[in-house]
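Please keep the structure open while going through the points.

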Amino acid sequence: MELTEGILIEDHGDVVDMLQSLRDLGVTIVVDDFGRGYSSLAYLTKFPIDKIKIDRSFISEITSLDTDAAIVDAIIVMAHALGMTVVAEGVETEVQEQYLRERGCDEVQGYRYSPGVPAADLVTVAQGLAPVG
């Protein structure tokens with residue numbers, strides 16, 4: 001189940017229990033668009049989170065030695081230290097993919113692999129019977 005940071009920031013007390021109940025049922029809890037909104041490091045330890053998805057806005061310029069690259073590097077290290085899986089959103093180039101893999105990013109997604117696919121077409125595309133895009 002993917003949640004945005006805003007939902008976690010607006011904790012009304014029973015969110016932790018609800019998320020833990022879902023996890024106990026085998027549901028993976030993912031924070032989507034990490035870093036985009038009200039990033040609070042406190043919720044990373046407070047809530048039962050399995051995976052974070054680094055917002056695409058940080059991925060576009062990671063190959064240059066700028067602030068975005070430093071933030072991506074720090075997010076990967078921090079999430080791994082907390083036992084979380086890291087996904088990079090918005091990967092469009094081989095250079096971006098290589099940068100992320102060299103730093104231990106667990107998963108990547110974006111147009112480098114496929115544009116969004118309607119649910120009705122997913123099986124056909126996955127079987128390689130239809131061109132992507």
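The numbered points below go from the whole chain to the sheet, then to one helix and the core.

1. The model is predicted. The chain contains seven helices and five strands. Starting at the N terminus, the order of the elements is β-α-α-β-α-β-α-α-β-α-β-α. The chain has 133 residues, and 35% of them count as buried. Of the contacts between residues at least 6 apart in sequence, 51% join residues at least 24 apart.

2. The sheet comes next. The five strands make an open sheet in the order β1-β2-β3-β4-β5, with parallel pairing. β1 (2–4) and β5 are the edge strands, since each of them pairs on one side only.

3. How many bridges hold β2 and β3 together? There are three, and the two strands pair in the parallel sense. Phenylalanine 34 stands opposite isoleucine 54 of β3. Strand β2 also holds aspartate 33, a residue that is not a glycine and yet has a positive phi of about 55°. That residue deserves a look in the backbone view.

4. On its other pairing, strand β3 (residues 51–54) is joined to strand β4 (residues 85–88) by four bridges, again in the parallel sense. Lysine 53 has valine 87 of β4 as its bridge partner, and isoleucine 54 has alanine 88 of β4. Strand β4 in turn is joined to strand β5 (residues 107–108) by two bridges, and these strands run parallel. Here valine 87 has glutamate 107 of β5 as its bridge partner. Between β4 and β5 the chain passes through α6, and this β-α-β crossover is right-handed.

5. Are the side chains of β3 buried or exposed? Both faces of the strand are covered: Lys51 and Lys53 are buried on one side, and Ile52 and Ile54 are buried on the other. Helix α5 lies across β2, β3 and β4, and runs at about 175° to β3.

6. Leaving out residues up to four places away in sequence, isoleucine 52 touches Val31, Phe34, Leu44, Ile75, Ala79, Met84, Thr85, Val86 and Val87.

7. Gln96, Glu97, Tyr99 and Leu100 of α6 are buried. Viewed down the axis of α6, the buried residues fall within an arc of 160°, so they line one face of the helix. An α-helix has 3.6 residues a turn, so residues three or four places apart point the same way. On the other side of α6, Glu94, Val95 and Glu102 are exposed. The cover over the buried residues of α6 includes α4, α5, β4 and β5. Just after this helix, glycine 104 has a positive phi of about 90°.

8. Why does leucine 100 count as buried? Its relative accessibility is 0%, and buried means under 20%. Leucine 100 belongs to helix α6 (residues 94–102). With neighbours within four places in sequence left aside, leucine 100 is in contact with Ile59, Ile62, Val72, Ile76, Ala88, Val91, Cys105 and Val108.

9. In soluble globular proteins, nonpolar side chains tend to be buried together. The largest nonpolar core of this chain has 29 residues, and the members that touch the most others are Leu8, Ile49, Ile52 and Leu100. Two or more residues each come from α2 (15–24), β2 (30–34), α3 (41–46), β3, α4 (56–59), α5 (67–81), β4 and α6. Which element gives the most to this core? It is α5, with five residues.

Key
Residues are numbered from 1 along each chain as its sequence is written. This is a predicted model: local features need pLDDT of at least 70, side-chain atom pairs count only at pLDDT 80 or more; totals for chains, interfaces and linings use all residues. Side-chain values use heavy atoms; hydrogens and water are left out. Buried means under 20% relative accessible area, exposed over 50%, partly exposed in between (1.4 Å probe, protein chains only). Contact means heavy atoms within 4.5 Å. Two strands pair if DSSP finds at least two bridges between them. A crossover is right-handed if, with the strands pointing away from the viewer, the path from the first strand over the helix to the second runs clockwise. A nonpolar core is a set of buried Ala, Val, Leu, Ile, Met, Phe, Trp, Tyr and Cys residues joined through side-chain atoms within 4.5 Å. The arc is that of the directions from the helix axis to the C-beta atoms. Axes are lines fitted to C-alpha atoms, for helices over the stretch in contact, and angles run from 0 to 180 degrees between N-to-C directions.
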